[in-house]
Structures are given as C-alpha cells and as structure tokens.
Amino acid sequence: DGCINPHQCGHYMMVHTQQWSNFVLTLDFKISPGCNSGIFVRTASLTPRPGKDVGYNGIEVQILDTTTADYYDTGAIYDLSKPTKNAMKPAGQWNHAEVTCNGGIIDVVLNGEKVNHIDLDQFTERNKRPDGTSHKFNIVYKNHPRTGYIGLQDHGSDCWFKNIKLRPLK
C-alpha cells in the first residue's frame, strides 16, 4: 500500500499496489463527527493533472457526516450521481459498504440497501451529467479508464476502515 503525498493533492489517499478493472469491493467504515472521506475506484494515473488533485483521476464513492442524499453525501458517486437515500448510520457506528465496478456500471450498496447505480457510458460530455445538469469534472466519463487504483481517502478527519475484501469479476 502507498500514500499519495498531501502536498501534491491536498489530502492523503491510501492506494492498493495494483490496478483493478471489474470487481466487488466490500468494507466496513466508521466516521468521526464532521468527517469527509471517500472510497476511490479506477484512479488512473496517480500523477495529478496540472492544477487538480489526484482525486480528479478517479471516481469517488462519497463518505460524509450528513443526513441528506445529494451529490456530495454518503453513497453518492461524488458530483455525478445522487444516492437514492442516505443509508449511513450516525458517526461512531460501523457501516458496511459494497462497491461493484463492472464495465461502465458502478453500483453502491450501503448497510444492505442499494443506494446508487451509475452507467458511465451515459456520461458523453465534459462537465455534464446525462440529464444535462453540470458537474465539476472536465472529463468524459464514457472514456474514463476502466482500470485503476482503489484508494481510501483521508481528508483530515478520523475515519476507520476494516474487513476490506476485494473479489475480481470475470
């Protein structure tokens, strides 16, 4: 495992040593009050683009101490797809997350409830979601690498991860 230098990107990301394509990632996480963290998938490459942090090279499943269900709340595909609901337990309690990446599809299950489903093939324009609303990424996600690093984000607040399991899909 390695850490990306915070001086390069503004926060730490612990990444697995190899890149993965299609997989099911399961883990348990617990956050502190006010915590902002995330699970990054398909981060490629680990070199930040000029003026951007390395997070722009991946896709983030948001973990945030909120009770709402918007583009920046727990279970969101950060700024791309809202969760159907906020299924996270309060700060200090353990949560179970399952993230499946299979081709252009990313699914998120939180505490046994499917909260997100995104088809990257529908993202055909920079800075636009399929419904025409804007997001901050100048990336055409249809063309985003389907292989990359998995990372766990440290954004300055205590967040704990355990029981991390990865099952490649054929």
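Q: How many aromatic pairs does the count come to by the rule for rings?

A: Rings of Phe, Tyr and Trp (its six-membered ring) pair if their centres lie within 6.5 Å; planes under 30 degrees apart count as stacked, over 60 as edge-to-face and the rest as tilted. By this rule the count comes to 5 aromatic pairs. The model is a predicted one, in which local features need pLDDT of at least 70, side-chain atom pairs count only at pLDDT 80 or more, and totals for chains, interfaces and linings use all residues. Residues are numbered from 1 along each chain as its sequence is written, and side-chain values use heavy atoms, with hydrogens and water left out.

Q: Why is the pair of Tyr-78 and Phe-137 edge-to-face?

A: A pair of aromatic rings is described by the distance of the centres and the angle of the planes. For Tyr-78 and Phe-137 the centres are 6.3 Å apart and the planes stand at 65 degrees, so the pair is edge-to-face. Tyr-78 lies in the loop between strand 5 and strand 6 (95-102), and Phe-137 in the loop between strand 8 (113-119) and strand 9, so the pair ties together parts that are 59 residues apart in sequence. Strands (E, at least two residues) are DSSP runs, numbered from the N terminus. Both Tyr-78 and Phe-137 are buried, where buried means under 20% relative accessible area, exposed over 50%, and partly exposed in between (1.4 Å probe, protein chains only).

Q: What is the geometry of the aromatic pair of Phe-123 and Tyr-141?

A: This pair is edge-to-face, with 6.3 Å from centre to centre and 85 degrees between the planes. Phe-123 is buried at 3% relative accessibility, and Tyr-141 is buried at 1%. Ring pairs link Phe-123 and Tyr-141 into a cluster with Tyr-56, Tyr-72, Tyr-78 and Phe-137.

Q: Which residues lie over the faces of Trp-160 and Tyr-71?

A: A charge sits over a ring if NZ of Lys or CZ of Arg is within 6 Å of the ring centre and within 35 degrees of the ring normal. Lys-30 lies over the face of Trp-160, at 5.0 Å from the ring centre. Arg-129 lies over the face of Tyr-71, at 3.5 Å from the ring centre.

Q: Which residues lie nearest the centre of the largest pocket?

A: On a 1 Å grid over the protein atoms alone, a pocket is an open set of points where a 1.4 Å probe fits, with protein on both sides within 12 Å along at least five of seven lines; lining residues have an atom within 4 Å of a point. Of the 19 lining residues of the largest pocket, Phe-40, Glu-60, Tyr-78, Lys-136 and Gln-153 lie nearest its centre. Strand 4 (36-43) and strand 5 (59-64) are the elements that give two or more residues to this lining, and strand 5 provides the largest share, 4 residues. The largest pocket holds about 240 Å³ of space, a volume being the space filled by probe spheres set on the grid points, which are joined across faces, edges and corners.

Q: Where is Arg-42 found, and is Arg-42 buried or exposed?

A: Arg-42 is found in strand 4 and is buried, with a relative accessible area of 0%. Its phi is near 50 degrees, a positive value in a residue other than glycine. Asn-163, in strand 10, also is not a glycine and has a positive phi of about 55 degrees; Asn-163 is partly exposed, with a relative accessible area of 44%.
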